[in-house]
Structure formats: structure tokens, C-alpha cells
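Welcome, and please open your viewer. We will go from stop to stop, with something to select at each one.

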Amino acid sequence: MTNTADLLINLTGVRKAFRTPDRSERLVLEGVNFQLAEGEIVALLGKSGSGKSTLLRIIAGLIKPNGGSVLYRDKTISGPVNGISMVFQSFALFPWLTVKQNVELGLEALAVPAKERDERSTKVIDLIGLGGFESAYPRELSGGMRQRVGFARALVMSPDVLLMDEPFSALDVLTAETLRGDLLELWLERQIPTKGILFVSHNIEEAVTMADRVLIFSSDPGRVKAEIPVNLPHPRDTESPAFKAIVDEVYAIMTQQPQRAAGTAAEPLSLGYRLPEAAPHKITGMLENLLDPQFDGKADLPQLAEQLELPDDTLFQLLEASRLLGFIHVEQGDVHLLPAGRAFAEAETAERKKIFAEHLLHHISLASHIRRILDERRDHRAPENRFLQELEDYLTDDEAERVLDQVINWGRYAEIFEYDYNSGVLSLPEADEETDGAAPPPSESAAAQ
Amino acid sequence: MRRTIIPATISFGPDIRPNAWDLVALPLVLAVVWLLSFGGGQMSTPYNLGDALPMSLDPSHLPYYLLRSFLRMAVGLVCSLLFTLVYATLAAKNKYAEKILIPILDVLQSIPILGFLSITVTGFIALFPGNLLGVECAAIFAIFTSQAWNMTFSLYQSLRTIPHDLEEAAEMFHLSPWQRFWRLELPFASPPLIWNMMMSVSGGWFFVVASEAITVSGQSIMLPGIGSYIALAINDKDIYAIGWAILAMLGGILAYDQLFFRPLIAWADKFKFETTPGEEIPTSFLLDVMQRTRLLRFLASAPAFLWEVSLPLFRRRHDGLGRPAMRRVNIPWFDKVWNIFLALVAAYALIKVGEFVKTEVGMDEVIHVFLLSLATATRVIVLIAIASVIWVPIGVWIGLRPRVAQTVQPIAQFLAAFPANLMFPVAVLLILHFNASVEIWTSPLMILGTQWYILFNVIAGASAIPTDLKDAAGNFGLKGWLKWKRLILPAIFPSYVTGAITASGGSWNASIVSELVSWGDTTLVATGVGAYIAQATAAGDFPRIALGICMMCIFVMLFNRQLWRRLYRLAEERWRID
């Protein structure tokens, strides 16, 4: 690996921070070292928001890093490079161009003559299994076929390095599997000139199926947390013990707590903690599943994922939410139902809400903060912008909005506060205000409608 | 799914022999070319202010007049398109330009169109002494101002909202700015732009008619065209001639729609970024003919050839390796300097305007014009309210019946395009006949042409109410007022607001010609800022024209900001049916 001549991509100490005009910067990537050698496929895994996509775009030359060096064959990348091509999660096809015109887009930009363009695009279109659809418009194609156009468009450039940003996540399971298989076949049989593939994934099994190495990212700031080599021959049997062992290991690492000794009480969350996206009813569903006899309060993560039929990233969000709320404990890729979680899962709706409210106020500082402000205010109302501004000290605008939406969703379920969409005002539930006694009656909390 | 679409670039097919469709298309194309060159030649005939232009009320001259009016419209549209491409692109790409260009555009679209005419006509005449081209330019400029602003806004909005992933793909695949514009930006912006063009032309007929017969400093000039024909008919009290003009206009608008916009819209359908299922695919007979014609396909390969030639010329030279490409320097203090500069210019302009008002007209006049504007504002509000009360129930009734809607919708759109000022003489006759109040009964003229925007938008909104919502309402027994309150009104609200905004803007514009109407030597004047501007224009009193226009502009802007924009945002956020 020390022979840099073999390295397609070489990143050292890459750092990226996004800065909003008047606020302090938010660190997305820090100290990222990464090498892509000839002949390997590497997968990037990590929670959403861990900066995987940002890293991919830095290599693509779409985003400039704030520090560190980004080399392609020993030369600095400062913009999109000819030897590097990309496949997008959303396909990013031009809907007004035919399949063929889409595929030839990059060749046009290089001013390749029409005749050569035609030859190259026809070849790739046939190779990727789009023959016969040259004159079709993207909207006439199914999702799988559209992504094939995305692949053809990238491969027609004969790239050294192929970058893929969650290329299969917008497809259904069967389509994704077929496309994955086809790509792997082209790669293994050396039918494409590509020398290295780097892809971002949300799906652990997908990553282990395809990659020679899996990199796991930690978040805030994103850095490489672990690197797991996958030395299994292709085609890989997803049922084999060796395969399962690797998948288990990845799950364990991904749910590992950062440097916090097990047993010590979880430190209180900061106000700006990026709360995971998890609907209360999904949390309930997962905890109920853990009560099942086959798990009896303790489950192996891959098994739980299979049972719930949830995408990995959704599962991780649910797990984190449940953990934050003090319902479960995750260790070594196993999830343990805590007594509170068991009580919550076994309770009736009203009781559940009570437990949820207690845990929400106790563990999620943003929820308790909002509730305290509302309690203190004479009319028990506060505009959401007040809290958004607070959150924007820690988060980007979009993230702040998302986090506040999440806590409002939980707060509504727990009935610890209410939210009026029209006015954007948070308020105490009416029942709570009456018991409060001292406060004047609500001015007009149900003004709309 | 049947699709007939012209490919964006056409490969040079070997077969260019004529086929049967060529027989249809060829005469058509030749005729259009001949008409354009003939009409164009007529535009630049010698002329001196005061010369009487020969105009005749003989109906046999009408096709020629129609051609001249059409040509003005076409030139105005081309100018608007060019303006749009340059202005909107600049505003969308350069943040310093954006800071000043967008507010300017906002003001420009609030200025009454005929105000532009009043202000610029003398300048244009001076520009081409001894030639009719000056007056022609003034009329075209007025038409241009009635079309350009909304098109520019549309393109600017589109350029700002290009999907991020497509931008990244364009970047990733090394598209040059040139390729990017033709392959990504313009196609993405096309459907709303073409829609706005159609709206512009629809609104533009009114101003074609209004701008052909101009009175400048007591001299009345009549450009050959349908508007002058009408003006002459009014002067001569010839009711039959007015009937002929109305008929000719009907035919003309229909032809414009069929020969130009339907093919354009059917063709632009492929640029739609996403299609809603069940949406009708626009079709056009003419487009079908053209796409089957080998000759036209051959002609269309010329742009494809130019495209091929242009690619190497504009290609991006730099491959993102090694030394970074020219990085855009971002100097933090330049923003501040720019802002201060803009503020200073604005302050200077304000002081100048203040001085001007003080010396030329005086404060009393300003207050007088303010009160006149209030009168006009009252008219606009009352009329929009009345039109809404009438057309919303009718529009909903029609919209909920797909069969009826299919027949009525084109008629409503056509009525919106029809220049209502052709009907003014009829109204004057009625007012005179019944000896009715001028203050009240000239008012409906303001909304005569623009009320249709409310109708056809409401029809569109009501037809688009999802079937499942209607089924659910039926299932739960929603009836009468409850059904209106819970289903219909919320569902049509966004489209109603769109229609009402257009209607309101149009009414302000129309006030200049509708508060002062005449028949022969009888002139009816209502109290309002529109009549004030019209009188000042006739007298060539520049300071008063400017004052009237400024005041109206301020009123329109206040209306837009305080009322319409809020309603629009509310409709977007709260009542949009996804």
C-alpha cells in the first residue's frame, strides 16, 4: 500500500467545514485519510449526516476541502477530473434528453466527434443492457432502467475511478440486486476499463456483498472509525458463516458508542444534538418486536433488521432514538431491552404516552428546554423561531429545522406540548394549563378553524 | 402512450426526399415568410409628425391591418424573449447584478404599460426623424413592456431552482457554460417560460390595440393596424366597422393560437421535469404535420449542425487536476461597498424626484393624484370582489363537470386574450343611451377583459380536485355550504389567487383607457388616476404623466406586497394539494 504509484485516490488529513454566513462553522469531516488502490472496490458506511457523501463529492471535485490533500494519481484534484465519473442516487438524468443523448452528454462536453460518440455510446448502452432503448426518454423507463442509464453515462467516459452515491437505494430490493449483480459481473470479467470503485451505501449487506474493504464513518465530525477487509471470493454467499460474521462485526461497530465507558450514566445531551428521525409508532413497533419470544428482550442486530424488514439507516435511527430515550441498551451488535423499554412496550396507549413523556423530558434536553420555557411564559406560548434560532447556533438551518420538527413530533405524541402549523407557535396542551391554575386562560390557542 | 416529439438534435438521416406532408407544410412556410417580409417592408415608410396616415374603414383592408398588428406582436415577443434571456440569466448568475436587477424588475412590472408608451413615444419619434419607424418602435416598445416582465421572472425563478443533482451531474460531466445553458438550464426553464409567453401574448392584444392610435402633444397618430381601425371607427361612429374589427380579431387570435402556441406547447411538453399522472398530453395538428415532414426535418438539422460546430469552440479547457482553476475571488468588503453604492444611488434619485415634484407640480397636485389613485383602487377592489362572487361559483360548477369544462375552458382562455378595448365603444353607446352614471358604469370596462383570468383559473382549479377527495366528501355526506367550506374553497384557493392577481394587475393597466372613453366627439371621463394619466398624455404634460404613473406604480406595488403576495404564499404553503 505504500507504493503510491498504484494508488488511484489518496486522501490525507482531509477536513471540511460548512460555514453559515454569521455563525461558527460546523465540522463535517476531520482528519480523513483514505486510499483507493487499483483493482479494489471500497464501500463507505456510516450514519446519515456522517459526511460520506461530502467525502465522495470532494473526490469528485464538486466540493473543495478546507484542508488536507486530495490526490488522483499523485495530482491534486481541484475540480471534476476526466478519469473520475459518478453515479447519482437520484439518477440525475436530463428528462428532456433521450437515453442516448444522456449517455453522450459527457462526450459532447469533451467535443468528441459525433461518429465516435455514437460508437462509444452504442457499445456501452449494449453492455449495460439498455439496447433497444436508445431513443426512449427517461420518464418512459422504470427506476432500474433509469439507473442503468446513469451507469452508462458514467461508464462511457471510460473512467479510471467510478464513484457511486448510494446508487441502489432508490430502487426496490429485487431491482437493486439484479443491477448490483450485473455491475459486479462487468467488473469481475474486466468488461469495463474502470480500475477502482468507491461507493457510499446505507445497506450493510450490500456493502459486504460488493466491497473488498468496508470503511465505517463516525459522525460529528465525520472520520474513518473502522476499516474491515472483506476477503471472501465472489460470488459471495450471503448465508455463509464467514459472510454473516463480517456483517455482525459491521453492525457492532456501527452501533458502538463513541469512547463512553459502558456503565457510566449517559451524559446529558446538548441542546443541539442531532436527534435521529424516528416516529414514536415505529419505536413502539420495534420494542414490541423485541418482546417476541424469539428475542425475549435481547436481539442480534442483523436478525432484528431481517425481522423488521427495515433499511439499515432507518433501523439505526430507531435504535438511537430508543437508546437516547433510555428504552434499550446496545452493545457488541446486540440490543437489550431495558426495564423501562419493556414497561413501555407492554403498556396500553395512555400509559405508553405517560412513559414516553417522562423519558422524553428526562433524557432529551431540547424537549425539557421547550417545556420549561412554555411553563415559564405567562401565556404558555412561544414561537418556533425562538427555538430554531437557538438550534442554529449548533446546526445548519436545514438540520435545525429537521431536529425541531422531530422534537415537535415526539412532544405531540407525548402530549407535553402542542404546535400550531398555521401560526408556527408552540404551546402547552390545554389540560396542563388548567391544572397549572395560576396562569391566565389561553388567549386563543385554537384560533385557526 | 403516443408521443410525437421533435428530437432536440436530429441526426442527418439519409432520406430527405419530400413526402406527402411536405405538400401541406411547404406552402404554409412560404406564405409565412412572404407575409413577414411584406409587412416588415411596410414598417419603415417615410413619415413626418402631422402627416395623416391613410386609414380606411373598408373591411377588405382588415386582413392587412391585422397582419401589421400581428407583426408588432411578433417583434415585441422576440424582443421580450431576447431581453428575458439576457436579463434573467444575468440576475440569476451574478449576485451583485441580482441585488439591483430584481427590485428594478419588480418596479417595472408595477408600472402601467400605457405609461411606458406615454413617456417614450416622443423620444422614439425623435430617434427616427422623417420615418414611421419611430412611432412603430414606440408601439412595439409598449407591447414589449406588456410581455417581458413576467417572462423574465419566470426564467429567473427557473434558473434559481434547477435541481441540485442535475447541476452536479452537469459539473461532473464537464459541461461548459454554453452546453449547460442549452442542455440543462433552458430546457428546464422552458415549460413555465412558454406558458408565460402565452399569457403575455394573451394580455398583449389589449396593448396592441391601445398603442396603435396614439395622441402625442395634441397630434394623433394612427399606425396601420386593427387598433387604429377601431379608433377610426369610434371617431366616425361606425358601428358596423367595429363589428368587422371584432370578427377579424377573433379570427386572428384563433390563428395565432393554432399556428403558433399549440405546436409550441405540444413540443415543449417533453421538457416538463415531472409529469403528473393522468395529465392530458397537449397535442397539435400542426406539430404532427411538421414532424412528419421531411423538408422541415431537414431544415431542423441546421441547428443540430451548428450545435456540433459549437461544441469544440466552447468546450471547457481545464481538467480539474493540478493547479486549481481560476478561483472566484470573494472579497468580503466588496459586498458592503456595493450595498453602500446602491443606497447612495437610491438616495440621490429620491432627492431628485422630490425636487422635481416640488418645482414642477407642487404638493397639492400630489395629494390630488393620491386621492385619484384611491378612487381607482376602490374600483379595482370592488370589481375584483364582484367578479369573484360571479365567476367562482360558475367556474366551480363548470370545473366539476369535465365535459363542460373541456368546451368552456378554451373559450374562457380566448376571452382573456380578446382585447376588451374593442368592446368599449359598445359600452359607451349603452351608457349614453341609458344616460347612466359615468363614474359607476365605466368601471366594469376595467375588468371586462381581465375577469376571464379568474374564471379559467377557477375552472382549472376545480377540475384538478383529486377524485378521491371528492369521493371522500360524498361518502361522508358533505353537502351545501359545508362541502364548499371543507373541500371546494380550500382546493381552488391557489388557482383563484393566481387568477385574481392577474385580473387585478390587468385592471390597473386597463384603467388608463377605460376611465376615459369616447364615441365620436363625446368623451366620458370618470374620476381616477387612469383618466388623469390619459389626459396628461393627450396634453403632452410630461411632469403630470410621470406623477400619475409613479403614483399608480406605488399603489400597485403596495397592493402586490400587502395583499397578493401574502395570499399567494398562504396558498402555496397551506392549501396546496400534493
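How many residues of chain A are in contact with residues of chain B? Before you look, please keep in mind that this is a predicted model. Now show both chains: 32 residues of chain A are in contact with 33 residues of chain B.

**Stop 1: where the chains touch**

Stay with chain A and select β5 (75-76) and α3 (105-109), the elements that give two or more residues to the side that touches chain B. Of these, α3(A) supplies the largest share, 4 residues.

**Stop 2: a run of paired strands in chain A**

Next, select residues 40-46 of chain A, which form strand β3, together with residues 213-218, which form strand β9. These two strands run parallel and are joined by 5 bridges. For one pair to look at, pick Gly46(A), whose bridge partner in β9(A) is Phe217(A).

Arg213(A) has Pro229(A) as its bridge partner in β10(A). Then zoom in on the hairpin of β9(A) and β10(A): there are 4 residues between the strands, and Asp220(A) takes a positive phi near 50°.

**Stop 3: two crossing helices in chain A**

Now select α14, residues 365-376 of chain A, and α16, residues 397-414 of chain A. Their axes come within 10 Å and cross at roughly 70°. That angle makes α14(A) roughly perpendicular to α16(A), and the crossing is right-handed. Show the side chains of Leu366(A), Ala367(A) and Ile370(A) from α14(A), then those of Val407(A) and Trp410(A), along with Gly411(A), from α16(A); these residues make the contact. By class, 5 are nonpolar, 1 is polar and none is charged.

**Stop 4: two helices in chain B**

For the last stop, move to chain B and select α7, residues 177-212, and α9, residues 239-268. How are these helices arranged? Their axes lie 10 Å apart, at an angle of about 170°, and α7(B) and α9(B) are therefore roughly antiparallel to each other.

Among the residues that meet here are Ile194(B), Met198(B) and Trp205(B) in α7(B), and Tyr256(B), Phe261(B) and Leu264(B) in α9(B). The contact of α7(B) with α9(B) has 11 nonpolar residues, 1 polar residue and no charged ones.

Definitions and conventions
Residues are numbered from 1 along each chain as its sequence is written. Chains are lettered from A and ligands numbered from 1 in the order in which they are written. This is a predicted model: local features need pLDDT of at least 70, side-chain atom pairs count only at pLDDT 80 or more; totals for chains, interfaces and linings use all residues. Axes are lines fitted to C-alpha atoms, for helices over the stretch in contact, and angles run from 0 to 180 degrees between N-to-C directions. Angles under 35 degrees count as roughly parallel, over 145 as roughly antiparallel, 65 to 115 as roughly perpendicular and the rest as oblique. Two residues are in contact if their C-beta atoms, placed from the backbone, lie within 7 Å. Ala, Val, Leu, Ile, Met, Phe, Trp, Tyr, Cys and Pro count as nonpolar, Asp, Glu, Lys and Arg as charged, and the others, Gly among them, as polar. A crossing is left-handed if the near helix is turned anticlockwise from the far one by less than a right angle, and right-handed if clockwise. Two strands pair if DSSP finds at least two bridges between them.
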